Amino acid sequence: MIIVDDDAARHRIDRRIYGQFAEHLGRCIQEGVWVGTDSPIPNKNGIRSDVVAALRRIRVPVVRWPGGCFADDYHWMKGIGPERQPMVNTHWGGVIEPNEFGTHEYFELLDQLDAEAYINGNVGSGTVAEMQDWVEYMTLDSVSPMAELRKRHGREQPWKLEFFGVGNESWGCGGNMMPLEYANQYRRFQTYVRTYGEHPIAKIACGANADDYEWTEVLMARAAGHMDGLSLHYYTIPTGEWDAKGSATGFDDDTWYATIGRARKMEELLTRHGAIMDRYDPQRRVGLVVDEWGTWYDVEPGTEPGFLHQQSTMRDAVVAAITLNAFHRHASRVRMANVAQMVNVLQAMILTDGPDLVTTPTYHVFDLYQDHQDAVHVEAIGEPGERPGGLGTHGDYTISRTGRGYTVSMANAGLEHEVSAVFAFPSAITDIPSARILAAADADSHNTFERPHEVAPADFVDYRVDGVTLSVTLPPRSVATVRVAQ
């Protein structure tokens, strides 16, 4: 039995943990988000209406842009005004990036989504002056040169910029720096990310690649007082080999379990990076921002290798649930996360093909988990020796509470056996307002344009209420959410 302990220490699950990442990579921006005002595909000011509608349904809170590796090649002035300056997208296929989607279009997307801004600046190939000018262009309400330039391009009032990332993957594609080198560069660049007006800009420093704990140690020791967040990047790769990651579909049982095992490493990363941050920031003022996470497989056969287009299956849905559950447990430190990526790239929410759109199993997990946004994480006491949030060998759960009651979300990563659990609440259960499940016939079941609802949520009925207890049984490879009223 799992005892729901309402009196235990709790923390809020920041809605920004459900953030998205949109990079100029493959068909994420071009075709996925941006089609232009002359497109026959329905759009508002050039942005696909069907994509916006789908993302609004899962209440996207924040979108990270323009990268990714692309950010440290991006010179923002090429993407403003009536005459855009194309560039070569050196990291992602060597194709020409037309820069039709720039600063104004990004904020238009946010306005349509009712989402917050998280922009990554160019440290790798940019200058302090370029970054300073961009912040001024976006946020200064004055008669300065950059503010006047913004007005000439059609935007009278400044935008609200909630988050600014000072570089991206500075240990790799963003400059191949050593940690002390970047720490010094960060201190310099962030000085010029100035807050104009009443809305402060939260500054995010480039953090570690997976288990590079030295990077976190150096950044916290040298620059913690100058940052509001420190990023972390971790991708779930079945084989652990970058050159042969494995297929998104057609995998065997061993590969399924290898993938799940690598996804569970997120718990260790959050624990160990968090412990380092605690030594330098015991009040937990600095947030841990997991601004790139998700599964990464070999690209779909027949697609451009540099576009990172992959299918999303029930395996990805379970990975998403396990990862989100870990974020919830560590949400006293984890303040934001941005799944990679939003449309048509890696573990995407949405796939598009011309005018057609399909939502993925991962999208449906974000849908099932909506009630956890800004809810209070509730501690629970499980069986002795059980891992945090664990249900036996393969199960995983998370519980949160709002004024409406509790939300219990569970995942079964097993391929053959059911997972059963009994949750005991502080008082009698009065109602189950909703119960939904995402399950599939096969481990690699996925949605296609021909069969868009192959994996879709359905009513969950395999539960029983008895006074203060909720008993549930999850089928193999499934994710479920039950709302509990008291």
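In what order do the eight strands close into a barrel? The order is 3-6-9-10-11-12-13-14, and the pairing is parallel. Strands here (E, at least two residues) and helices (H or I, at least four residues) are DSSP runs numbered from the N terminus, and two strands pair if DSSP finds at least two bridges between them. The model is predicted, so that local features need pLDDT of at least 70 and side-chain atom pairs count only at pLDDT 80 or more, while totals for chains, interfaces and linings use all residues. Residues are numbered from 1 along each chain as its sequence is written, and side-chain values use heavy atoms, with hydrogens and water left out.

**The barrel**

In the barrel of eight strands, the twist averages 25 degrees from one strand to the next, where angles run from 0 to 180 degrees between N-to-C directions and axes are lines fitted to C-alpha atoms, for helices over the stretch in contact. Strand 12 (residues 229–236) and strand 13 (residues 287–295) are joined in the parallel sense by seven bridges, and Ser-231 has Val-289 in strand 13 as its bridge partner. Helix 8 (residues 265–280) packs on this sheet, touching strand 11 (202–209), strand 12, strand 13 and strand 14 (334–340), and its direction makes about 160 degrees with that of strand 12. Contact means heavy atoms within 4.5 Å.

An open sheet of five strands has the order 18-1-22-26-25, with mixed pairing. Its edge strands, strand 18 (379–381) and strand 25 (463–466), each pair on one side only, and the twist from one strand to the next averages 25 degrees. The table sets out pairings within this sheet.

| Strands | Sense | Bridges | Residues facing each other |
|---|---|---|---|
| Strand 1 (residues 2–5) and strand 18 | antiparallel | three bridges | Val-4 and Ala-380 |
| Strand 1 and strand 22 (residues 419–424) | parallel | two bridges | Ile-2 and Phe-423 |
| Strand 22 and strand 26 (residues 469–474) | antiparallel | six bridges | Phe-423 and Leu-470 |

**Helices**

Helix 9 (residues 314–329) packs against helix 10 (residues 361–368) at an angle of about 35 degrees, with the axes 7 Å apart. The crossing is right-handed, the term for a near helix turned clockwise from the far one by less than a right angle. Met-314, Asp-316, Ala-317, Ala-320, Ala-321 and Leu-324 in helix 9 meet Pro-361, Thr-362, Val-365 and Phe-366 in helix 10.

In helix 4 (residues 145–152), the buried residues are Met-146, Ala-147, Leu-149 and Arg-150, buried meaning under 20% relative accessible area and exposed over 50%, with partly exposed in between (1.4 Å probe, protein chains only). Seen down the axis, these buried residues fall within an arc of 160 degrees, and they therefore line one face of helix 4; the arc is that of the directions from the helix axis to the C-beta atoms. What covers them includes helix 2 (103–113) and helix 3 (128–139), whereas the face turned away from the buried side carries the exposed residues Pro-145 and Arg-152. Helix 4 is followed by Gly-154, whose phi is positive, near 105 degrees.

**Ile-437**

Ile-437 lies in strand 23 (residues 431–439) and is buried, with a relative accessible area of 10%. Leaving aside neighbours within four places in sequence, the contacts of Ile-437 include Phe-460, Leu-474 and Val-479. The C-alpha atoms of Ile-437 and His-364 are separated by 9.6 Å, although these residues are 73 apart along the chain.
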